[in-house]
Amino acid sequence: MRIPSGVSGFDELIQGGFLPRRLYVLSGPPGSGKTTFTAQFIAEGLRNGEKCMYITMHETEDELINDMSSFDFGFEALASSEGFRFINLVSPKGKHILNQFSQGGSASSVQSLTDKIVAFVNSRQVDRLVIDSTMLLRLFFANGSEEMTRFLTALKQGDATTLLISEMTDPSSYSDEHFLAHGVVFFHNYLEATGMTRGIQVIKMRGTNIDCDIRSLNFTDNGLVVNPRSKVDL
């Protein structure tokens, strides 16, 4: 069984889609298409009647919907369905929701945060989960690597197919999430005299045959579109 990404052309790079109930990391610089990719992933799930959740720490639901409304893949209408939940962890509403899943006791604040998020996701029987992003998560994790490892391990044990956005400007620099995830996708953009050249690259995908070449990626009226037969040299 494969989970379609909702991004035209991308699934051809990974043998038809993501393997379910696994953790995938999307890495790349600002403006490279990570958020749009995750919105298309969520929209595809909602079209298929799946339960979807978007967890963030830096924007409102209205901001995400407005940003995606410029595309024609229907995110605005789909996001109003009962199958979609949007959580901003630092908003009063987000904090209130997570506090309902407090385990109590003497657990550290980081352990508590991890347990709350995982308990909330599992309680909703989420099929597709997006978390935006590792940079903001690290603001909660004072001890860095150890705490991030615990959080990612807990996510991997859940039932949702999860996309985790990871900011990255140096494609040769790897972080904890790249080693722990089941799959890693890099987004590239390079400004030339003729304009912006964009590409997408599957670096790692367990259980899937990949070639790691950079493929052409473009923003269109219908969202991101991958040309799986067009290689890009950046």
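Colleague: Which residues does R198 touch, leaving out those up to four places away in sequence?
Modeller: R198 touches G31, S32, H188, N189, R215, S216, L217, F219 and V232. Contact here means heavy atoms within 4.5 Å. This is a predicted model, where local features need pLDDT of at least 70, side-chain atom pairs count only at pLDDT 80 or more, and totals for chains, interfaces and linings use all residues. Residues are numbered from 1 along each chain as its sequence is written, and side-chain values use heavy atoms, with hydrogens and water left out.

Colleague: Where does R198 lie?
Modeller: In strand β7, residues 195–205. Helices (H or I, at least four residues) and strands (E, at least two) are DSSP runs, numbered from the N terminus.

Colleague: Is R198 buried or exposed?
Modeller: R198 is buried, because its relative accessible area is 19%. Buried means under 20% relative accessible area, exposed over 50%, and partly exposed in between, with a 1.4 Å probe and protein chains only.

Colleague: What lies 2.6 Å from a polar atom of the R198 side chain?
Modeller: The backbone oxygen of G31.

Colleague: Switching to rings. How many aromatic pairs are there?
Modeller: The count is nine. Rings of Phe, Tyr and Trp (its six-membered ring) pair if their centres lie within 6.5 Å; planes under 30 degrees apart count as stacked, over 60 as edge-to-face and the rest as tilted. One of the pairs is F71 with F219, which is stacked, at 6.2 Å centre to centre and 20 degrees between the planes.

Colleague: Where are F71 and F219 in the chain?
Modeller: F71 is in the loop between α2 (61–68) and α3 (75–78), while F219 is in strand β8 (residues 214–220). They are 148 residues apart, so the pair links distant parts of the chain. F71 counts as buried because its relative accessibility is 15%. F219, at 34%, counts as partly exposed.

Colleague: What about F75 and F84?
Modeller: That pair is edge-to-face, 6.0 Å centre to centre with 80 degrees between the planes. F75 is buried at 1% relative accessible area, and F84 is buried at 6%.

Colleague: Which residues have the most contacts inside the largest nonpolar core?
Modeller: F10, F18, F37, I42, F75, F84 and I200, in a core of 38 residues. A nonpolar core is a set of buried Ala, Val, Leu, Ile, Met, Phe, Trp, Tyr and Cys residues joined through side-chain atoms within 4.5 Å.

Colleague: Which helix gives the most to this core?
Modeller: Helix α1 (residues 34–47), with six residues.

Methods: Polar contact = N/O pair within 3.5 Å; in protein donor to acceptor, adjacent residues only side chain to side chain.
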